[in-house]
Amino acid sequence: MSGDLEQNIVKIKVKGGGEIVAFTHQTLHSALAAAGIILESVCGGAGTCGKCKVRIISGRVADLNGKPTAPEEDGQYLACQVYPLEDLVLDTIKTHGVSAKGEIGGMAMKKSEINPPVKKICFKPEYPDLLNNYSLEEMIKKSGLAFPPSISALKDLAVVSLPNPGELTATVIFDEITCIENGNTSARLFGVAFDIGSTTVAGMLLDINKGKVIAAAAETNPQTAFGADVVSRIKAASTGEGLEKLSSLIRECLNTLISDLCGQAGITAADIYLVTIAGNSTMEHLLMGISPSYLCQSPYAPVFNYIPPLSPENLKLNINPGAKVVLLPNIASFVGADTVAAITAEDQDLTDKMTLLLDLGTNGELAIGNQDKIVVCSTAAGPAFEGAELACGMRAGEGAIDNVIITDDVHVTTVKNAKPRGICGSGVIKAIAELIKAGVIDSSGRFLKSSKVAELPPLLRERIQEKDGQKVFILTFAGESATGGDVFVSQGDIRQIQLVKSSIRTGAEILMENIGVAVHEVQQVLIAGAFGNYIDLDSALAIGLIPQTELSVVHPVGNAAGAGAVKALLSKRHLDRCYAVAKKAGFIELANHPKFRDKFMKNLSF
């Protein structure tokens, strides 16, 4: 902020919540984010998305030049564009909800497949005495344990062996004893599999002895306060302070989920001995506190694709100190471990069927192939599929319009059947398909000319209006919505979806050409991610989101990345498959592909 305001301390009270301390040189958005109150911020605080609005009950704020400023026409302020001048009282803040990534809470594996890289061995040691004066480390070997103990395990041994107990339990991870406990603790063996998405972070707690998920939880990725897309976050992490903040935010989020999962299952965090993590390349770099800036510079190379298993201390995770944390490997550039995990979960690397896998969330990753060959790419999908960058967009949370039917009038359904608050990505896909079918927009994505609108049914005509200089189609009028405002699809929304769908469709076509298969030769199309959970497949085909094919071969597969992280935790074989997939998969950089531009322009049409 320019201006002469001093950097004073102020208090900000949120109606229905607590009170936080902030500084006058912080934007209101930053002050709230620092206190864990995460507002929507698709643009990363640039003031262009209009999502982080708050209503101030009392107190004054300044603009970017340090001058006192008035609210916008709706009586609210953009939190990223104002600075507190004095103590503030804010109206109730509804932070954005968590989108559903797919239900895998009941996932279990066959007993024959379970062979985790962690196990517990209970043994009765023969303690040294004056006549047999060997070390405690040798005592372990004499007990039949052929695995070397880590420094952490030796520290445990020095404590648990005095005074001489009876049984001891050794935890063995990757053929190393990592901790030793008094008594028989074999029944307490748990792990957590994380899927760190750009928008949503999902955690699954596993009873490793039983080979099943026993609890699941999800949180909005707190890094969304710095932008919905990875490029915004890479920019935010370009300074040491920014990188440290983004890294600490995601680590705190993982600890929050661990606490939640332990509470659900009635266990302690010390009962967790193994963690697997699947995330895209940017998310894994930020988690590690390693700058991802090279991902945005030619030749778009990551700092790492593989990191050996870590100790919890490396990531400040609140689990057993002798546990191990496994970051699943990345493939290249923006195709990360989430894609590796999804390929593994869906057995794309094992099947003889030619398979196209689309992981459509805030970022789009595509993989085509089978057991013989797999080729991958990432697309500039942007956050539209999560409802961001849409005029009335929101995630697939309560009140999001997820289905639209247009006849002589409009009928909508929402997530949890709540009053409409906005529209999510899958809802806008269905809305556009219905608008095309009803003749409200043409194949170019343009609304009907005014002279043609008169030919529409009366109830549809009144829904075509103009807002902020562009045509819109109202799905829910203000009197029927939860926000008191119209919920609509704008011409800008339609253009945004055209760009996204063209990018994905073009990526799929280039991958198919690279591997040498025609559309009709693709035997299954798998749609993963939160978007795939809700999408109407007929509508996806109707607007050309995926290559035209038989609907019977298209299948939503939910949170495939999370499922892959679960499989890697429960089976060394599946973990090894993840490493093999990361090495095996070929990578195509779409931005430099000679056919990308022409195909992209052609695929803009619906």
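Predicted model: local features only at pLDDT ≥ 70, side-chain atom pairs only at ≥ 80, totals over all residues.
Reader: How do you know which residues of the protein are buried, and what percentage do they make up?

Author: A residue is called buried if its relative accessible area is under 20%. By that cut-off, buried residues make up 56% of the 606 residues. The protein exposes about 25000 Å², and carbon and sulfur atoms supply 50% of this area.

Reader: Why is D347 called partly exposed?

Author: Buried means under 20% relative accessible area and exposed means over 50%, with partly exposed in between. The relative accessibility of D347 is 29%, which lies between these limits, and therefore D347 counts as partly exposed. D347 lies in the loop between helix 8 (337-345) and strand 17 (355-360).

Reader: What is noted about the phi angle of D347, and what about that of D175?

Author: Phi of D347 is near 55°, a positive value in a residue other than glycine. D175 is not a glycine either, and its phi is positive, at about 60°. D175 is found in the loop between strand 10 (168-173) and strand 11 (176-182).

Reader: Which kind of peptide bond joins S298 and P299?

Author: The bond is cis, with omega at about 10°. P299 is found in the loop between helix 6 (281-288) and helix 7 (312-315).

Reader: What share of the contacts with a separation of 6 or more comes from residues 24 or more positions apart?

Author: Such residues account for 66% of those contacts in the protein. A contact here requires heavy atoms within 4.5 Å.

Reader: How far apart are the mean positions of the positive and negative charges?

Author: The protein has 55 positive and 65 negative charges, and their mean positions are 2 Å apart.

Reader: What is known about the predictor's confidence in the protein, and where does pLDDT stay under 50?

Author: The mean pLDDT is 89, and 91% of the residues reach 70 or more. Over residues 1-5, pLDDT stays under 50, and the model has 14 contacts beyond four places in sequence for these residues.

Terms used: Residues numbered from 1 in each chain as written. Heavy atoms only, no water. Buried < 20%, exposed > 50% of the residue type's maximum accessible area, 1.4 Å probe, protein only. Areas by Shrake-Rupley, 256 points an atom, 1.4 Å probe, with all protein chains shown as cover. Lys, Arg positive; Asp, Glu negative; His and termini not counted. Charge placed at Lys NZ, Arg CZ, Asp CG, Glu CD. pLDDT = per-residue confidence, 0-100. Helix = DSSP H or I, 4+ residues; strand = E, 2+ residues; numbered from the N terminus.
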